[in-house]
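Colleague: I am new to this structure and would like a close look at one part, the surroundings of the ligand. Please take me through that part in a connected way.

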Amino acid sequence: SRHTDTTDTIAAIATAPGRGGIGVVRVSGHDLLPFAAALTGKAPDSIQPRRAAIADFLAGDGIAIDRGILLHFPAPHSFTGEDVLELQGHGGPVVMQLLLARAIELGARLADPGEFTRRAFLNDKLDLAQAEAVADLIEASTAQAARSALRSLSGEFSHAVHGIVARLTELRMLIEATLDFPEEEIDAEQLLRDIDAAARLAQLRADIAALQGRARQGAMLRTGLHVVLAGLPNVGKSSLLNRLAGEERAIVTEIAGTTRDALRETIHVEGIPLHVIDTAGLRETDDAVEKIGIERTWQEIARADVVLQIVDARAGVTPADHAIAVRLPAGIERIVVENKCDLAGLVPGRFEDAERAGQVHLRLSAKTGAGIGLLHDELLRVAGWAGHGEDVILARERHLEALNLAAEKSALAERQLRQIELCAEELRLAQEALAAITGEFTSDDLLGVIFSRFCIGK
Ligand code: GDP
Ligand code: ZN
């Protein structure tokens, strides 16, 4: 168990700053009935658990600060596992500040960011992956991310991890039991066959790989894809950004070379954030300002996941376009977008380069929007988005690293199956990596890092 001896009472404004119909001050601590009684002037035994009661919230001089709703969630049946009070008042900043100040006067201290959730974790109300999901749900920027965070919060991710850990533990026990035999008596091969070690290990590795796949998809929901629009001046880069963003942001002009600063927009396609950057046209120039823009474009390209190389469909890939293509760094995905298909009298479409197998060309029109759906699909394909929304785990970097480590260690275990001691040790390390996801092994440092990123009052 992770119980601590934190006995102090914490308080914070739990609702967002600013004005709203209702504002909530949340208090968590031990035995808060006297606190609630002092705040409201009610008799302690008149305050019923989990029952909304109208109450005056009184200042120290007995004059009411506000009239609102008092809720008492007695330990352990509360979010933090401690006694929790919710003081629902009118949602103005002055009322909330006065109410918070009064709570502090009554002995509470200001809660640190994420401290309520941290206490919930320490009191076994949530495991670490669930606690992180609380923050992820609040921060979710798309419906898909929110749904995925809620699934993690309800324990879906933790449950999958626990399932694998349970089977790992069982296998470890079986394998370690063989170590108890005196060396001359054991036939390692036979014992491993008896416990079906190879098959179990293979299944374990498959389960870890499946979870990795789901987590990687979720990481995509969180971080998205960096997409750079590059090409010669006037091919329609800014128009395409506008089309993707669905509003006039970049300046579209007929004069070549007007986009000198990179413009960026984050758009969402099936919930995947695409950070799209419009850049200066890449051409030979003597203009000093334009040169700086072009330099910056190459820097953006170096950081991109995908480069959309825009060309004019009327001319196709010209030698000048080809000169840009050969300068693109290896390892960055390139999609050739033949824009202005309306002017070229061509229908939208997707095809592969006749000379370079695997090089995708899209033919579309930024101006009319024809073929934009093809671009969406292609970007999702590049992102590796399988589109199985309901399977996705909104994993954090920490989770991915733990899953990668567990995969690596179980692969080593498989390779060393005949050296039982080494195999057992790798399995132990794999288990430890997985257990870190749900927080069975954590340091105070890690908890500090995780919870300090929460907002106050959560
Ligand atoms: P950039 O320099 O590459 O950013 O090009 P712009 O987006 O500024 O476009 C240059 C010119 O081409 C503008 O007049 C646009 O209206 C026009 N344009 C861009 N895309 C299309 C398209 O798909 N069809 C047509 N007909 N015109 C386009
Ligand atoms: Zn432009």
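Modeller: A residue is near a molecule if one of its heavy atoms lies within 4 Å of it. On that basis, in this predicted model, 18 residues surround ligand 1. The closest are Asn234, Lys237, Ser238, Ser239 and Asp342.

Some of the contacts can be given atom by atom. Asn234 places a backbone N or O atom 2.8 Å from an oxygen atom of ligand 1. Ser238 also takes part through its backbone, where a polar atom is 2.8 Å from an oxygen atom of the ligand. With Ser365 the side chain is involved: one of its N or O atoms is 3.0 Å from an oxygen atom of ligand 1. As for cover, ligand 1 taken alone exposes 580 Å², and the protein buries 91% of that.

The shell can also be described by the elements that supply it. Helix H9 (237-245) and helix H12 (341-344) are the elements that give two or more residues to the shell around ligand 1. H9 has the largest share, with three residues. Lys237, Ser238 and Ser239, already listed among the closest residues, fall within the range of H9, and Asp342, also on that list, falls within the range of H12.

Last comes the make-up of the shell. Sorted by residue type, the shell around ligand 1 holds six nonpolar, seven polar and five charged residues.

Technical notes:
Residues numbered from 1 in each chain as written. Chains lettered and ligands numbered in written order. Predicted model: local features only at pLDDT ≥ 70, side-chain atom pairs only at ≥ 80, totals over all residues. Heavy atoms only, no water. Polar contact = N/O pair within 3.5 Å; in protein donor to acceptor, adjacent residues only side chain to side chain. Areas by Shrake-Rupley, 256 points an atom, 1.4 Å probe, with all protein chains shown as cover. Helix = DSSP H or I, 4+ residues; strand = E, 2+ residues; numbered from the N terminus. Nonpolar A, V, L, I, M, F, W, Y, C, P; charged D, E, K, R; others polar.
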